[in-house]
Structure formats: C-alpha cells, structure tokens
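Here is a short briefing for a first look at this structure. Keep the view open while you read.

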Amino acid sequence: MSNTDFTLAIEDLTVSFDGFKAVDNLNLYVDKDELRVVIGPNGAGKTTVLDLICGKTKSTSGSIKFKNKELTKLAEHEIVHAGVGRKFQTPSIYENLSVYDNLEVSFPRGRGVFGSLTFKCDEEVDTRIREVAKEIFLEEFLDMESALLSHGQKQWLEIGMLLIQEPELLMLDEPVAGMSVKEREQTAELLNRICKGRSVLVIEHDMDFVEKIAHKVTVLHQGKILAEGDMKTVQNDPNVIEVYLGH
Amino acid sequence: MNFVYDRFLGGKNGAIGIAVLAALIFIILPLALDLFRLNLVGKYLTYAFAAVSLVLLWGYGGILSLGQGVFFGLGGYCMAMFLKLEASDPETTKIQSTPGIPDFMDWNQLTSLPWFWEPFNNFGFTVAAVILVPTIFALIIGYSMFKRRVGGVYFAIITQIIALILTVLIVGQQGYTGGINGITDLRTLNGWDIRDDSSKYILYFINAFLLFGVIFLSRFILTSKFGRLLLAMRDKEDRVRFSGYDVSNFKIFVFCISAMISAIGGAMFTLQVGFMSPSFVGIVPSIEMVIFAAVGGRMSLIGVVYGTLLVNFGKTMFSESFPELWLYLMGALFIGVVMYFPNGLAGIWDKHGSKMLKCIKNMQCVGAVKSMLESRRIAKADASGE
C-alpha cells in the first residue's frame with residue numbers, strides 16, 4: 001500500500017471471528033485536525049474498529065497505517081507510543097487512586113520498569129497535570145479519590161488521561177454516555193477544543209451530540225461502510241434511513 | 001533527607017510503625033525471651049520475608065502466588081548446600097566409603113560430588129546463588145506466564161503446581177538433595193559455629209537487619225510510580241496497557257523481586273534452624289505464607305510481620321496441645337480473615353487504632369473532668385456548710 005497524507009489510513013481491513021466478519025473490507029481515512037464520528041446500529045462493528053486500531057484485537061487481513069506506520073504488527077503499548085490514545089466505552093480509571101495520581105500515572109515518562117522506579121513528579125509534570133485537569137473541568141477535584149467522581153466526571157478524567165499523553169490520534173468510545181445535558185454541552189466544547197492539532201475518532205449514538213461535534217460522519221453497518229459525508233448528507237441518505245428505520 | 005523519610009520510611013505514620021516494630025524486634029523480644037524462644041522468633045521472622053514479598057506481589061500487584069515456598073526453599077537449599085559441604089570434610093567423614101562428600105550421597109552410593117554441587121564450595125558463589133537462582137527461576141516462570149497473559153486463578157494454580165513438582169523432585173532425587181529428610185547436620189559457616197549461643201544471637205540480629213532492609217526496599221518500590229502502577233494494574237489492567245505500558249514487564253519484575261526477598265528469608269532460615277528440608281518448599285508452607293500475609297494485612301509491610309509472628313506463636317502454642325486441630329484452625333482463620341477483615345490486622349488498626357488511642361485519651365479527659373467537678377462539689381458543700 002502506498003503512503004498517504006492522512007493521519008489514519010485503514011485499507012481493506014477485515015476481521016473474522018470463527019467465520020463471522022465483524023469488520024468486512026473496511027476503508028477509512030481520517031485527516032489531521034479532523035473530528036470524525038462513527039455511527040451505526042448495534043453490532044455494526046464500531047467498537048471492533050477501535051479495538052483493531054489500538055491492537056486489542058488482531059486483524060485477519062488488511063492494513064492500518066498511522067502516519068504511514070503500519071500498526072497491525074505492533075504490540076498495544078507500542079501503538080500508544082506511536083501516538084494513538086483510546087478511551088473505553090465504560091469509564092476505565094484507577095478508582096483506588098486520586099485524580100492527581102490517575103493523571104500522573106498516565107504522564108508519558110518513566111514507562112519502563114526502571115524508569116518508573118526513578119520517576120520524579122517534578123514541576124514540568126505538575127504543571128502539565130494541572131493544565132490538563134483544568135481542561136477537563138476537574139481542577140478542583142485533584143485530591144479526590146477518583147472512585148467518588150460522578151459518572152460524567154469519570155469520562156472526562158479518562159479523556160484527560162489520554163490528553164496528557166498528547167496523542168495524535170484520539171479515539172473515544174461513547175464519551176457522553178451517562179452524562180447530563182450540561183455535561184454533554186461541556187464535552188462537546190471540550191472535543192471541539194482538543195481536536196486541533198490532532199485527529200479524533202468518536203463513536204456515538206446521541207445524534208444531537210454528533211451534530212454538534214462532527215466534521216464528517218461515517219455510518220457502519222454489518223462491518224461495512226454504508227455512507228460517509230457531513231451530517232446532512234448522511235441523514236438524508238436513503239440507505240441510512242433504511243437501516244435505522246427500516247425494521 | 002526528606003527523600004529518605006518519604007520514600008523509605010513512608011512518611012510519619014510509616015516511620016512510627018517501623019520504629020515500634022524495630023523496638024519490638026531489636027530490644028523487647030531479645031530482652032524478654034530466653035534463647036530457645038528467641039531462636040523460634042528468628043525462625044518466624046524468616047517467614048516474614050515471604051510475607052513481605054507477598055505484600056508487593058499480592059497486596060499491591062494483585063498477583064496471588066501460592067508458590068512462595070519454592071523461592072524460600074531454593075534460597076534455603078543454596079545456603080544448606082554450602083554449609084553441608086563445609087560439614088563434610090574428609091576428616092569428619094572418614095568412615096564413609098567415599099570420604100569428603102555429604103553423608104546422604106554416600107548412603108545413596110554416590111562416589112563423587114555432582115557437578116552442580118562443586119561451586120557451592122565457594123561462599124561468594126553461594127551468596128550470589130541464594131539471590132540469583134530463585135530470581136532467575138522466577139524470571140523464567142514469570143516470562144513464560146505473564147507474556148502469555150496468564151493471570152488470576154490460573155497463575156495461582158500453576159505456582160502451586162510448581163511448588164508440588166519441586167517437592168516431588170527433591171524427595172525423588174535423594175542422592176543429590178538429601179530426599180525427604182533434607183540437608184541436615186549443618187555446623188559451621190566459614191569455620192564459625194552456627195550452633196552455639198552467641199552465634200544464635202548474632203544470626204537473630206543479622207536476620208532482623210536484613211528484614212528491615214527488605215522492608216525499606218519494598219517501601220521504596222511501593223512509593224515510586226511503579227507502586228502506583230501496580231495498584232493501577234490490579235484495578236484496570238487494560239487501561240494501563242493502553243496508556244503505553246508493557247504490563248507483563250512490570251509483573252515479571254515484581255515477581256522476581258518477591259522471589260528474591262523470599263529467598264533471603266530461606267537462607268536465613270537454614271542458618272538459624274540448622275537444616276533445610278522439602279517440608280518448607282511445598283504447598284502447605286506456601287499457603288501458610290499467604291495466610292501470614294492475609295492475617296497481617298496484605299497492603300501493609302509492617303502488618304504482615306506482626307501477622308507472621310502472631311500466627312506462628314499461635315501455631316506453636318496450639319500445636320503443643322492439640323497438634324491435629326491446628327490445620328483446621330488455620331483454615332478457619334484464613335476464611336475468617338478473608339471474609340471479615342480483608343485488610344487483616346493492619347486494616348483493623350487503621351480503622352480502629354486511632355479511635356482506640358483517642359478513647360484512652362478521652363478516658364483520661366473524662367477522669368480529669370470528673371475529678372474537677374468532684375472537687376468543685378466538695379468546695380460548694382463546704383461553702384454552704386459554713
């Protein structure tokens with residue numbers, strides 16, 4: 001496959017679980033500074049696509065190139081080092097650590113065994129932690145045990161744990177699930193802010209929210225792309241209407 | 001200075017805890033107990049090494065090893081091999097058909113020292129082997145399991161099986177290992193008699209120093225980012241992996257460190273007790289070590305030392321009167337602790353200790369108030385009486 005200008009270029013990607021093709025010959029390109037939303041009915045393969053990109057699931061065939069670097073052969077932590085960050089569907093934070101420690105542990109230094117033994121939380125790290133905490137609306141909660149945060153705040157914290165690593169591709173799996181209306185608005189604003197200088201790939205069901213953030217929308221159905229384009233085009237696409245309303 | 005205070009002692013509470021434990025082990029117990037009992041305490045404290053290692057591995061790392069006895073035993077056997085060779089000089093073994101080799105080899109018709117025994121003539125090699133043999137063994141086990149993402153119950157079962165296999169191997173290879181009796185009749189260390197009274201005292205204190213050294217090392221590891229990563233991995237392993245860490249390397253490292261710590265305990269056991277046998281390697285001692293850690297509190301480096309001492313005192317006292325009941329009691333103790341006090345003695349202390357201290361203070365306060373009121377009443381009565 002040839003090199004491209006895209007941040008993320010997925011070509012002919014297929015994964016099959018015992019013959020069932022969860023993702024089938026998928027082609028997807030994401031630009032720098034782009035915020036792409038992937039939607040689709042349940043079982044369309046959205047989360048599987050993210051799993052494939054971050055290395056949680058190994059592909060059967062095809063290629064995933066991130067800045068022209070092949071990801072399918074790399075281990076999970078190497079993909080992270082390359083600059084890919086991923087948020088899980090249910091907030092995955094370290095509940096027995098404070099908000100501050102959650103961010104500190106995610107800071108991209110001292111990632112080896114011995115590096116972590118000699119890691120010192122110096123001024124640079126401290127400044128960065130406070131900076132990110134402010135961005136994710138949690139600066140007043142730094143010393144709180146993260147188990148005590150609300151569901152929405154946990155979602156933000158996990159986004160913060162990714163931001164502190166300054167990934168060039170940020171993947172968010174249902175970032176506003178379980179959030180209040182106000183929190184959704186804040187999150188939309190946050191996403192619009194953080195997509196500058198990087199690419200963001202979001203999976204979401206909430207159409208109002210999608211409309212607020214998406215530059216481009218990709219509709220997945222049965223592991224294949226059904227439609228792609230801006231929100232309006234996609235909403236008026238007869239195939240999409242068929243899939244969403246047809247049965 | 002602050003660095004040492006925070007990272008090795010664990011802040012104010014940690015430092016107080018260590019000071020109290022040090023006073024107990026270095027001053028109170030040696031003054032209060034006769035040599036026989038003190039030697040017993042010394043033996044218990046060697047198990048405390050394994051318990052401390054389980055705080056790192058199980059308490060923080062969430063990796064339950066039911067095979068710490070393997071490493072304890074390997075360390076102990078390495079030391080015992082050196083001591084046995086020293087005790088088997090041609091002069092003292094001249095009645096054997098092959099003088100100069102350990103007695104059990106002679107009984108098993110061996111006519112020369114096996115090759116892997118040879119280097120144990122050297123003390124420097126032996127000390128290195130005590131540390132390295134178990135660590136390398138742990139590295140091999142750890143690498144082959146954690147890289148394949150074996151964990152949880154499966155890891156526990158496999159470590160337990162390794163403990164069983166090693167026991168069977170030692171018992172089966174009588175000519176090389178001394179079989180079920182183990183390596184016995186150990187006398188001197190570089191010419192220094194380890195059996196007389198003064199050396200028992202000295203070994204007790206060396207052991208205690210090493211134990212504190214190991215606690216400081218563990219504290220250093222746990223207060224670093226590594227320690228926080230262990231907690232993070234226990235909670236959300238995938239999140240750590242997808243934050244750019246090679247999780248298996250961290251697990252392998254903590255497993256190796258825990259093996260090394262247990263092994264030091266094993267070597268000190270051999271020195272203080274004077275023999276080593278497969279009964280300290282197998283499944284039962286390995287599980288006992290987990291119980292020591294559970295009773296003491298698997299999140300507390302200091303707590304597990306108390307846990308080890310208490311359970312062992314209980315064992316000695318109880319098994320003197322009801323030997324056959326002990327195992328049942330131990331099982332019940334384990335279940336009880338896991339069900340009702342998951343953080344063991346240390347957890348109980350954290351929850352109620354400060355309250356108890358306050359209570360004592362309050363009682364003094366209440367007493368003071370009472371006596372004040374009393375004296376006022378008397379004064380009033382006196383005034384009205386007049």
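Chain B of this predicted model is divided into two parts: domain 1 covers 37-342 and domain 2 covers 346-386. Taken over C-alpha atoms, the centres of domain 1 of chain B and domain 2 of chain B are 50 Å apart.

**Chain B overall**

- Chain B has 16 helices and two strands.
- Along the principal axes, the C-alpha atoms of chain B fill a box of roughly 105 × 55 × 45 Å.
- Chain B has 386 residues, and 42% of them count as buried.
- Among contacts in chain B with a separation of 6 or more, 78% link residues 24 or more positions apart.

**The largest nonpolar core**

- The largest nonpolar core holds 167 residues.
- Those with the most contacts inside this core are B:Ala48, B:Ala51, B:Val52 and B:Ala293.
- Helix H12 of chain B, residues 247-273, gives the core its largest share, 18 residues.
- Leaving out residues up to four places away in sequence, B:Val52 touches B:Val214, B:Ile215, B:Ser218, B:Ile261, B:Leu301 and B:Val304.

**A loop position: B:Gly100**

- B:Gly100 sits in the loop between helix H4 (68-87) and helix H5 (103-107) of chain B.
- B:Gly100 has 16 C-beta neighbours inside 10 Å, so it counts as partly exposed.
- B:Gly100 touches B:Ser88, B:Asp89, B:Pro90 and B:Thr93, with residues up to four places away in sequence not counted.
- B:Met339 is 239 residues from B:Gly100 along the chain, and their C-alpha atoms are separated by 54 Å.

**Where the chains meet**

- In the contact between the chains, 23 residues of chain A meet 21 residues of chain B.
- Three helices of chain A each supply at least two residues of the side that touches chain B: helix H2 (76-82), helix H3 (99-106) and helix H4 (113-118).
- H2(A) gives the most to that side of chain A, with four residues.
- By class, the side of chain A that touches chain B has ten nonpolar, eight polar and five charged residues.

**The four-stranded sheet of chain A**

- Four strands of chain A form an open sheet in the order E2-E1-E4-E5, with antiparallel pairing.
- Its edge strands are strand E2 (20-30) and strand E5 (69-70) of chain A, each pairing on one side only.
- Strand E4 of chain A, residues 61-66, runs antiparallel to E5(A) and is joined to it by two bridges.
- A:Lys65 stands opposite A:Glu70 in E5(A).
- Helix H1 of chain A, residues 46-54, lies across strand E1 (8-17), E2 and E4 of chain A.
- H1(A) runs at about 70 degrees to E2(A).

**The six-stranded sheet of chain A**

- Six strands of chain A form an open sheet in the order E6-E7-E8-E3-E9-E10, with mixed pairing.
- Strand E6 (84-87) and strand E10 (224-229) of chain A stand at the edges with a single partner strand each, so one side of each has no neighbour in the sheet.
- From one strand to the next, the twist averages 20 degrees.
- E6(A) pairs in the parallel sense with strand E7 of chain A, residues 169-173, over four bridges.
- A:Val84 stands opposite A:Leu169 in E7(A).
- H1(A) also lies across E3, E6, E7, E8 and E9 of chain A, running at about 145 degrees to E7(A).
- Helix H6 of chain A, residues 151-163, lies across E6 and E7 of chain A and runs at about 170 degrees to E6(A).

**Strand E3 of chain A**

- Why is strand E3 of chain A, residues 35-39, largely enclosed by the rest of the structure? Five of its five residues are buried, so the rest of the structure largely encloses E3(A).
- In a regular strand, side chains alternate between the two faces of the sheet.
- A:Leu35, A:Val37 and A:Ile39 point one way from E3(A), A:Arg36 and A:Val38 point the other way, and all are buried.
- E3(A) runs parallel to strand E8 of chain A, residues 199-203, and four bridges join them. The bridge partner of A:Arg36 in E8(A) is A:Leu201.
- E3(A) also pairs in the parallel sense with strand E9 of chain A, residues 216-221, over four bridges. The bridge partner of A:Ile39 in E9(A) is A:Val219.

Conventions: Residues numbered from 1 in each chain as written. Chains lettered and ligands numbered in written order. Predicted model: local features only at pLDDT ≥ 70, side-chain atom pairs only at ≥ 80, totals over all residues. Domains from an automatic or database assignment. Contact = placed C-beta atoms within 7 Å. Nonpolar A, V, L, I, M, F, W, Y, C, P; charged D, E, K, R; others polar. Core = buried A, V, L, I, M, F, W, Y, C linked by C-beta atoms within 7 Å. Buried ≥ 20, exposed ≤ 12 C-beta atoms within 10 Å, placed from the backbone. Pairing = 2+ DSSP bridges. Axes fitted to C-alpha atoms, helices over the stretch in contact; angles between N-to-C directions.
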